[in-house]
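Dear colleague,

Please find the structure below, together with its sequence. A summary of the findings follows it.

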Amino acid sequence: MKPRMLHILLILSFLLPLTHNSNAQTVTSTVLPGQLAYIGVDGNVWIQLEDSGEQIAVTADASPERKYLSPRWSPDGQKLAYCQKDSAEPGGYLHLVRAGEWMPILLAQDVHCREWPQGSFNWSPDGSKIVF
């Protein structure tokens, strides 16, 4: 099984329902001051910058067979992690991106990705570790 490089989003502990963005689903998401991470209606991970309103696609290959879940910011707001689940594979992938760079890094594979409101993983309080 080849690891796939995907985009990652991390979310803070504050929750915000999305209803104002034409690309957003009405789902629960999280915000970091100045940056909102969410799963769009296209199933991809997106960031919306508060000051400019600019939307940045972190992923671009969501499909019925590939789902992105649980974008969560690290407590310091410097990293975003998210889960990728492909229907053809038993486990999922955990990815990370650094704020402002948006280049995904594969952190772990064979992760149990869940569509729970609280997410599939948690950051340690100092943001140095992810528990899944």
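This is a predicted model: local features need pLDDT of at least 70, side-chain atom pairs count only at pLDDT 80 or more; totals for chains, interfaces and linings use all residues.

Residues are numbered from 1 along each chain as its sequence is written, and side-chain values use heavy atoms, with hydrogens and water left out.

The protein has eleven strands and zero helices; strands (E, at least two residues) and helices (H or I, at least four) are DSSP runs, numbered from the N terminus. Of its 132 residues, 51% are buried, meaning under 20% relative accessible area with a 1.4 Å probe and protein chains only, whereas exposed is over 50% and partly exposed lies in between. Among contacts (heavy atoms within 4.5 Å) with a separation of 6 or more, 45% are between residues 24 or more positions apart.

The structure contains two aromatic pairs. Rings of Phe, Tyr and Trp (its six-membered ring) pair if their centres lie within 6.5 Å; planes under 30 degrees apart count as stacked, over 60 as edge-to-face and the rest as tilted. Tyr 68 and Tyr 82 are edge-to-face because their planes stand at 70°, with ring centres 5.6 Å apart. Tyr 68 belongs to strand β6 (residues 66–73) and Tyr 82 to strand β7 (residues 79–86), 14 residues apart, and both are buried. The other pair, Trp 73 with Trp 102, is also edge-to-face, at 6.2 Å centre to centre and 65° between the planes. Trp 73 lies in strand β6 and Trp 102 in the loop between β8 (92–98) and β9 (105–111), so this pair ties together parts 29 residues apart in sequence. Trp 73 and Trp 102 are both buried.

Asn 44 sits in the loop between β3 (35–39) and β4 (45–49). Asn 44 counts as buried because its relative accessibility is 6%. Beyond its neighbours within four places in sequence, Asn 44 contacts residues including Tyr 38, Thr 59, Asp 61 and Tyr 68.

A nonpolar core is a set of buried Ala, Val, Leu, Ile, Met, Phe, Trp, Tyr and Cys residues joined through side-chain atoms within 4.5 Å. The largest core has 14 residues, and those touching the most other members include Tyr 68, Trp 73 and Trp 102. Strands β3, β4, β6 and β7 each give two or more residues to this core, with the largest share, three residues, from β4. A second, separate core of eleven residues includes Ala 81, Ala 108, Cys 113 and Ile 130.

With kind regards
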